[in-house]
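Please examine the sequence and the structure before reading on.

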Amino acid sequence: MKKTVCIVASNYYPKISKALISGSSKILKSKGIRNYKVIKIPGVFEIPYVIKKNINKFDGFIALGCVIKGKTPHFDFISSAATDGIMKLSIENKKPVGNGIITCLNMNQAIKRKRKGAEASKAVKSILLK
């Protein structure tokens, strides 16, 4: 049985998003998961909604994006809402959702953490291929 995966990626920071998607895709391909789709969306906050909308179409999901802390508490609200949303969807639907959403204090940290896309794919792959 072939497994299908959906990568849902926030494109708010396009260079970071591109690196996250690239790392994620490489891992999936290297592990024999070639049936995947990438859906790009405006921001991290929308990731749980897009996963929910597609929950019955795929065996697993990878959530990718970047939130950089500013001078207001917005960072905390967005990060928590996205993380809580994807965890709830994973548990309620019994489907793996890899969390590749990076939360950083500045762009330099984001650039250094862009490998998180690959790590999220490894997590999903390890569950799907058991």
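A residue is called buried if its relative accessible area is under 20%, exposed if over 50%, and partly exposed in between (1.4 Å probe, protein chains only). The model is predicted, so local features need pLDDT of at least 70 and side-chain atom pairs count only at pLDDT 80 or more, while totals for chains, interfaces and linings use all residues. Residues are numbered from 1 along each chain as its sequence is written, and side-chain values use heavy atoms, with hydrogens and water left out.

**Aromatic pairs**

Rings of Phe, Tyr and Trp (its six-membered ring) are paired if their centres lie within 6.5 Å; planes under 30 degrees apart are stacked, those over 60 are edge-to-face, and the rest are tilted.

| Pair | Geometry | Centre to centre | Angle between planes |
|---|---|---|---|
| Y12 and Y13 | edge-to-face | 5.0 Å | 80° |
| F58 and F61 | edge-to-face | 5.8 Å | 70° |

How exposed or buried are F58 and F61? Both residues are buried. In the other pair, Y12 is exposed, at 58% relative accessible area, and Y13 is partly exposed, at 22%.

**Nonpolar cores**

A nonpolar core is a set of buried Ala, Val, Leu, Ile, Met, Phe, Trp, Tyr and Cys residues joined through side-chain atoms within 4.5 Å. The largest one has 20 residues, of which V8, V44, I47, I51, F61, I86 and I101 touch the most other members. Helices (H or I, at least four residues) and strands (E, at least two) are DSSP runs, numbered from the N terminus. At least two core residues come from each of β1 (5-10), β2 (36-41), α2 (47-53), β3 (60-68), α3 (74-93) and β4 (97-104). Helix α3 gives the largest share, 5 residues.

With contact taken as heavy atoms within 4.5 Å, and residues up to four places away in sequence not counted, I101 touches V44, I47, A63, L64, G65, V67, A82 and I86. Another core, of 18 residues, lies apart from the largest one and includes V5, I16, I68 and A120.

**The largest pocket**

By class, the lining has 9 nonpolar, 4 polar and no charged residues. Here Ala, Val, Leu, Ile, Met, Phe, Trp, Tyr, Cys and Pro count as nonpolar, Asp, Glu, Lys and Arg as charged, and the others, Gly among them, as polar.

**Individual positions**

G43 sits in the loop between β2 and α2 and counts as buried because its relative accessibility is 10%. Its C-alpha atom is 8.5 Å from that of C66, 23 residues away along the chain.

K112 belongs to helix α4 (residues 107-112) and is exposed, at 64% relative accessibility. K112 and I16 are 96 residues apart in sequence, with 9.8 Å between their C-alpha atoms.

K94 lies in the loop between α3 and β4. Although K94 is not a glycine, its phi is positive, about 55°. K94 is exposed, with a relative accessible area of 75%.
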